[in-house]
Each structure stands twice: as C-alpha cells, then as structure tokens.
Amino acid sequence: MLQVFVSMGLFTLLGSISPGPVNLIAASSGASAGFVRALPHVLGASVSYVGIVWLVGSGLNLVLLANPAIGQVMQYVGAAYLLYLAAKIAMAKPVARQEGAQAPSAGLMLGVWTQSLNPKAWMFASSGVSLFATADPQGLPVLLVFCGISGVVCFLSVATWAALGTLIGQWLFTARNQRVFNRTMAVLLTFTVFSMLASL
C-alpha cells in the first residue's frame with residue numbers, strides 16, 4: 001500500500017510543481033509581498049485542489065463526460081478568468097518599495113478561484129482519480145487518502161513557487177524591474193492558458 005501512496009504523491013507532484021497559473025501567481029505574490037503574505041494564496045489553491053479531487057472522485061467527472069458541453073464551457077470560463085488575471089498583472093503599477101515595506105499579496109480567495117477555474121487542475125484530478133481511486137475496490141477510503149496526499153503535495157509545490165518569487169523579490173526594488181517582472185509573468189500566464197486551450 002505504501003507504494004501506492006508514493007505513486008499518488010509523485011503523480012500529484014508532477015501536476016502541481018510544473019509551471020501553471022496558480023504557481024505563476026504564487027511566484028508573483030511572493031516576489032511582491034514576501035513568502036508569509038503569499039501563504040493565503042497557497043492555502044486557498046491547495047484547499048481548492050482537494051475539493052476538485054473530491055468532486056471528480058465523487059462522480060462529477062461522470063457528469064462532465066456525459067455532458068461534454070458543460071466541461072467545455074467550464075474550461076473556457078476558466079481560461080477567460082486566467083487571461084483577465086494576466087492582464088491585471090501586466091498592468092499593475094510599480095509599488096514604491098522601501099526596506100521592510102510590503103505590497104499587497106494574492107489572498108486566500110484568489111487562490112481558491114484561480115485553482116477552481118484552472119483547466120490543468122481538473123485534468124490532473126480526473127487522471128489521478130481514474131488511475132488511483134476508481135480502479136481500487138476500496139473506493140471511498142482510497143479517494144480520501146488521495147485527497148489528503150493531493151492537498152499536502154499541492155501546498156508544498158505552490159509554496160515552493162512562492163519561495164522562489166520571494167528570492168526574486170530582492171531584485172524588484174526599482175519600478176523598471178517590477179514592470180519587467182510583472183509583464184514577464186503575465187506573458188507566461190497567457191502562454192500557459194493558450195497552451196491549455198490548444199490541448200482541448
């Protein structure tokens with residue numbers, strides 16, 4: 001059974017540590033506000049991902065498979081929201097920074113919404129549930145374990161991106177560097193969204 005748990009963790013790690021909308025926003029929040037103030041976003045994204053895994057494992061996946069139009073609408077709504085966030089990041093005005101001053105951070109609800117509307121999260125949750133939970137005769141207990149492992153691994157992965165952003169934050173004390181960073185993050189987020197749309 002331990003081998004199955006390790007496989008669940010590695011599978012979730014592959015999905016949650018790779019560049020994506022949630023991680024890019026975590027890095028941006030860590031860079032502008034610091035690691036501790038980015039943690040609400042990290043927590044919101046992680047709780048949301050556990051909710052997605054639970055919903056998919058509880059049968060929502062079957063509803064979406066039976067009604068593909070609903071899933072497609074959800075994916076396009078999610079993509080539109082992520083593009084809106086990319087535009088906000090790109091147009092963010094540089095903050096006058098002083099030693100010890102902190103910019104506003106991405107909050108808990110932004111983490112929840114970003115993850116909830118993230119097509120990548122739904123795709124990985126669906127694959128993981130199909131791989132681990134539905135194939136196991138124990139069903140619900142395995143789904144609960146998968147939800148728990150997914151939450152912990154997701155939290156650590158997104159927190160890693162927030163920490164990387166915090167390290168970059170030392171470079172952002174000039175308005176020019178802030179603009180370059182924000183626009184780079186916005187371009188990466190936009191590229192990520194269009195890559196996901198291309199695979200639909």
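User: Helices here are DSSP runs of H or I with at least four residues, numbered from the N terminus. Which helix holds Gln115?

Analyst: Welcome! This is a predicted model, and its protein has eight helices and zero strands. Gln115 falls in the run covering residues 108-116, which is helix α5.

User: Is Gln115 buried or exposed?

Analyst: Apart from residues up to four places away in sequence, Gln115 touches Val22, Ala45, Ser48, Tyr49, Ile52, Ala121, Trp122 and Cys154. A residue counts as buried when its relative accessible area is under 20%. Gln115 has 5% relative accessibility, so the residue is buried.

User: In what order do the elements of the protein run?

Analyst: With eight helices and zero strands in the protein, there is one letter to expect. Read from the N terminus on, the order is α-α-α-α-α-α-α-α.

User: How far apart are the end C-alpha atoms of helix α1?

Analyst: Helix α1 covers residues 2-17, which is 16 residues. At 1.5 Å a residue, the helix should span 22 Å. The distance in the model agrees with that expectation, because the end C-alpha atoms are separated by 22 Å.

User: Within what arc do the buried residues of α1 fall?

Analyst: The buried residues of this helix are Met8, Gly9, Phe11, Thr12, Gly15 and Ser16. Looking down the axis of α1, they line one face of the helix, because they fall within an arc of 165°.

User: Which residue forms an aromatic pair with Phe11?

Analyst: Phe11 is itself buried, at 17% relative accessible area. The structure holds one aromatic pair. That pair is tilted, with 5.7 Å centre to centre and 55° between the planes, and the partner of Phe11 is Phe124.

User: How many residues apart in sequence are the parts that this pair ties together?

Analyst: Phe11 belongs to helix α1, while Phe124 belongs to helix α6. The pair therefore ties together parts whose separation in sequence is 113 residues.

User: Which residue's backbone oxygen does the side chain of Lys120 reach?

Analyst: Lys120 sits in helix α6, residues 119-133. Lys120 is buried, with a relative accessible area of 12%. Its side chain comes to 3.0 Å from a backbone oxygen, and that oxygen belongs to Gly15.

User: Which element gives the most residues to the largest nonpolar core?

Analyst: That core has 44 residues, and Val53, Val129 and Phe146 touch the most other members. The elements giving two or more residues to the core are α1, α2 (21-33), α3 (35-66), α4 (68-91), α6, α7 (140-169) and α8 (175-198). With 11 residues, the one that gives the most is α7.

User: What is the relative accessible area of Leu143?

Analyst: Leu143 lies in helix α7. Leaving aside neighbours within four places in sequence, its contacts are Val53, Trp54, Gly57, Ser58, Val129 and Ala133. Val53 in turn touches Leu143, along with residues including Ala125 and Cys147. Leu143 is buried, and its relative accessible area is 4%.

User: How far apart in space are Leu143 and Val56?

Analyst: These two residues are 87 apart in sequence. From C-alpha to C-alpha, their separation in space is 9.9 Å.

User: How far apart are the C-alpha atoms of Phe181 and Ala31?

Analyst: Phe181 is in helix α8, and at 8% relative accessibility this residue counts as buried. Phe181 and Ala31 are 150 residues apart along the chain. Their C-alpha atoms are separated by 9.1 Å.

User: What is the relative accessibility of Arg183?

Analyst: Arg183 is also found in α8. Its C-alpha atom is 4.6 Å from that of Ala90, 93 residues away along the chain. Arg183 counts as partly exposed, because its relative accessibility is 47%.

Methods
Residues are numbered from 1 along each chain as its sequence is written. This is a predicted model: local features need pLDDT of at least 70, side-chain atom pairs count only at pLDDT 80 or more; totals for chains, interfaces and linings use all residues. Side-chain values use heavy atoms; hydrogens and water are left out. The expected span of a helix is 1.5 Å times one less than its number of residues. Buried means under 20% relative accessible area, exposed over 50%, partly exposed in between (1.4 Å probe, protein chains only). The arc is that of the directions from the helix axis to the C-beta atoms. A polar contact is a pair of N or O atoms within 3.5 Å; within protein, one must be able to donate a hydrogen and the other to accept it, and residues adjacent in sequence count only if both atoms are side-chain atoms. A nonpolar core is a set of buried Ala, Val, Leu, Ile, Met, Phe, Trp, Tyr and Cys residues joined through side-chain atoms within 4.5 Å. Contact means heavy atoms within 4.5 Å. Rings of Phe, Tyr and Trp (its six-membered ring) pair if their centres lie within 6.5 Å; planes under 30 degrees apart count as stacked, over 60 as edge-to-face and the rest as tilted.
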